[in-house]
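Subject: Structure handover

Hello,

Here is the structure I promised to pass on. Please open it next to this note.

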Amino acid sequence: MKQLIKKIFSSPSLRLRLFFSYVFHPHPDEVMMKEAFEFAAHSNVSGDYLEFGVWKGRSFIRAFHTWKYILLNNRNLSGMNFYAFDSFEGLPEITSNEDNATGEFKKGEYSCSEEEFIANLKNAGVDTARVSTIKGWYDKVLNKETRARLPIKKASVIYVDADLYESAVPVLDFITDYVADGTVIVFDDWYCYKGRADMGEQKAFSEWLSRNPAISALQYKQFNWKGNSFILHRN
Ligand SMILES: C[S@@+](CC[C@H](N)C(=O)[O-])C[C@H]1O[C@@H](n2cnc3c(N)ncnc32)[C@H](O)[C@@H]1O
């Protein structure tokens, strides 16, 4: 046994090194979430957590527990509430040529009911009194009426994980008024569509910035093979 351990650490094969790096390295998505919340807490960008594209709750649960962890040392985000925006029916019909271009995404993919999502949150120890779900297709529900109904004032951290250009457009238009000086926006699928700037979240984000010259974006952290994030500023 001693010999085996010695062998592993003295001349580890690539496979073993990869195994150990997976086991002992923190997950890059967890690191991203922690850094987004740390930035918001340190910079006192108080506001809510908004996630667009929640599926079974994986990243949403991660956000909640990251917040609890950050609160242990910094109370700036103590008033945070958590908003989950999703069709709860998976991806919509993919109509645009761009969203169909690489065949990466399919209608109905990532379907999870609202009930299952809430049950997953409860099982994972999330305080659902702080959570609101907004069910529906973004092009239908992300509107003035929903904005008037929700008590959100500002967003601290926004997580966009809805895969498609056509989904990112209404999401970005909806969040415009919630952007504070220092809001962190995370795009989970930034480098999908072969990393092309004229597709997916990249295209929606650059168009949104052009429509909103009062907002500028500072490149923040890239994470895993497809994610990217920005700090938004009010000019
Ligand atoms: C990749 S999944 C989200 C994964 C989740 N963030 C996680 O880490 O497990 C994409 C989600 O976006 C939602 N979605 C995509 N486009 C949408 C649209 N136009 N309207 C409503 N929901 C949409 C889907 O229902 C799905 O739950």
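Predicted model: local features only at pLDDT ≥ 70, side-chain atom pairs only at ≥ 80, totals over all residues.

Residues are numbered from 1 along each chain as its sequence is written.

**Helix pair.** The axes of α9 and α10 come within 8 Å and cross at roughly 30 degrees. Axes here are lines fitted to C-alpha atoms, for helices over the stretch in contact, with angles from 0 to 180 degrees between N-to-C directions. Helices (H or I, at least four residues) and strands (E, at least two) are DSSP runs, numbered from the N terminus. In α9, Y165, A168, V169 and L172 meet G200, E201, K203, A204, F205 and W208 of α10. Contact means C-beta atoms, placed from the backbone, within 7 Å.

**Core.** The largest nonpolar core has 62 residues, and V160 and V171 touch the most other members. α9 gives the most to this core, with seven residues. Such a core is a set of buried Ala, Val, Leu, Ile, Met, Phe, Trp, Tyr and Cys residues joined through C-beta atoms within 7 Å. Beyond neighbours within four places in sequence, V171 contacts F52, Y138, L142, V160 and A162.

**Positive phi.** Two non-glycine residues to check:
- D163: phi near 70 degrees, in the loop between β4 (155–160) and α9 (165–175). D163 is buried, with 23 C-beta neighbours inside 10 Å.
- K194: phi near 55 degrees, in the loop between β5 (179–187) and α10 (200–211). K194 is exposed, with 10 other C-beta atoms within 10 Å.

Buried means 20 or more other C-beta atoms within 10 Å of the residue's own, exposed 12 or fewer, and partly exposed in between, with C-beta atoms placed from the backbone.

Best wishes

Conventions:
Contact = placed C-beta atoms within 7 Å.
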